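Q: Can you walk me through this one? I'd like to talk about pockets, a helix residue and charged pairs.

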Amino acid sequence: MAFKVRTGFMVRNASAACFALAMGVSAAGGALAQDLTKTAPPVSVLAGPASVADLAENLLDAVVNISTSQTVAARRSVPMPQLPEGSPFQEFFDEFFNRQNKDQDQPRRVQSLGSGFVIDGKEGIIITNNHVIEGADEITANFNDGTKLTATLIGRDKKTDLAVLKVKPESELKSVSFGDSEKLRVGDWVMAIGNPFGLGGTVTVGIVSARNRDINSGPYDNFIQTDAAINRGNSGGPLFDMYGNVIGINTAIISPSGGSIGIGFAIPSDTATRVIAQLQKYGETRRGWLGVRIQQVTDEIAESLGMDKARGALVAGVDENGPAGEAAIEPGDVILSFNGEDVPEMRELPRIVADTEIGKEVDVVILRKGKEMTVKVTVGHLKEGDSEDAAVPDEGGSDQNAVEPEVISALGMEFAVLDDETREKYKIDPDVTGVLVDAVEGGSASDEKRIVAGDVIVEVGQEPVETPQDVVKQIERLKKEDRRTALLLLSNARGELRFVAVRIGDAQ
């Protein structure tokens, strides 16, 4: 006997025995299974989980549709095709393309839709995504009861994709409160309300699929992943827990078609509340700043540094005028903890630093040449143009042929002295020092790490090098220490540094 179990947002078929098990009743014995089948109530009286209708009804009035409009520049004129002299179609094409280009020369008004929600009904404060209102000339908040209010921008933050708006209501608006996203567990039920494809007041339900997702959208990625249906137009809308608290702000989806495939992402409330508070108070964000360029500590890099496991953030560059420079943090240091908080991996450091009070003196635990040490750092103010970015391997360089002088090579690379001639050849800045990589053997370990001709080796095994012989000497030292990889500090022609761990073979 088969029946349907309604879960509130999906229907599936199940056997009576399966249903008994789902309800916590054992069906181990065949006789018991038969008894359960005989005594199972009719399909019509089977009940699914409690409805979420009351919860949704209580929240709908606090969610708004955000509509924006902006003027965009004229599109480029469409060139008219070349026609043979005296063509009978000449007059037709002249008229058609002149009319088309005249229409396209005019600025156009473009409208877009998104979602948002009220967090302060008295003051008319609304939260949405930055990308929903970016570039807008006019912003309108459309409420569930049909009311439309013009919104003004209080502040926005591109790095977390958040914006704070304000409207002037005639009476107090329905509002919602933030919950604690840190208490969320994978599998918890969540509800999204928004304006997908212009269908305002749409309610969808799902679960927390994962936490702490990094989707490479910014330096502070820490998204909640959910399978609740989120589509275009849901951006900026709230993700509620089952108590009606906002625990996320819907902001992105993964979809090859543009529609929901059950992979949506929301900004956690713990991240959002700190940013929103600053935007309301200052109109901008005020984040802590360390002044370093960092990169991931891979297993190979960890081994080359003598670490027991990959952890922390490897310093690839230091702003000499920043807090790290003043604290004498150096390229090659691995930051293991900051202000008493462990740094399990690179991407955690920017978030930890950003959340630290500006001007506060903190302890930073670093690993330098195999030894842990603690330095004092006074946290700076992250301003526009400053960065705590991951160091991205440079794929540029020159593909010119190697020069003629004596060839010294190792690890699939040929080296040359960095002099006026080679600087001119590879357009290397005067401030860059080290040993020039003049050629790289295809398929070698160095080639696999995207080292290219024109790169400059600054350090080998955290020891500075000035000549090709220095490079070979340091590689030999690492081999004698039974190191399987050589940690190279490389500079590109512009002086941007990065670390690369290269497998050690037979030095040539």
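What follows is a short chat about this model.

A: Ground rules come before the details. This is a predicted model, where local features need pLDDT of at least 70, side-chain atom pairs count only at pLDDT 80 or more, and totals for chains, interfaces and linings use all residues. Residues are numbered from 1 along each chain as its sequence is written, and side-chain values use heavy atoms, with hydrogens and water left out.

Q: How much space lies in the largest pocket?
A: About 460 Å³. A pocket here is an open set of points on a 1 Å grid over the protein atoms alone, where a 1.4 Å probe fits, with protein on both sides within 12 Å along at least five of seven lines. The volume is the space filled by probe spheres set on the points, which are joined across faces, edges and corners.

Q: Which strands supply at least two residues each?
A: β27 (456-460) and β29 (485-491). Strands (E, at least two residues) and helices (H or I, at least four) are DSSP runs, numbered from the N terminus.

Q: New topic. Is S446 buried or exposed?
A: S446 is buried, at 0% relative accessibility. Buried means under 20% relative accessible area, exposed over 50%, partly exposed in between (1.4 Å probe, protein chains only). S446 sits in helix α11 (residues 445-448).

Q: What does S446 touch?
A: L411, M413, V440, I451 and V502, leaving aside residues up to four places away in sequence. Contact means heavy atoms within 4.5 Å.

Q: How many salt bridges does the structure hold?
A: 23. Each is a side-chain nitrogen of Lys or Arg within 4 Å of a carboxyl oxygen of Asp or Glu.

Q: What about R347?
A: R347 bridges to D214, with the closest N and O atoms 3.9 Å apart. R347 is buried at 18%, while D214 is partly exposed at 34%. D214, E345 and R347 are linked in a salt-bridge network.

Note on methods. On a 1 Å grid over the protein atoms alone, a cavity is a set of points where a 1.4 Å probe fits but cannot get out, and a pocket is an open set with protein on both sides within 12 Å along at least five of seven lines; lining residues have an atom within 4 Å of a point.
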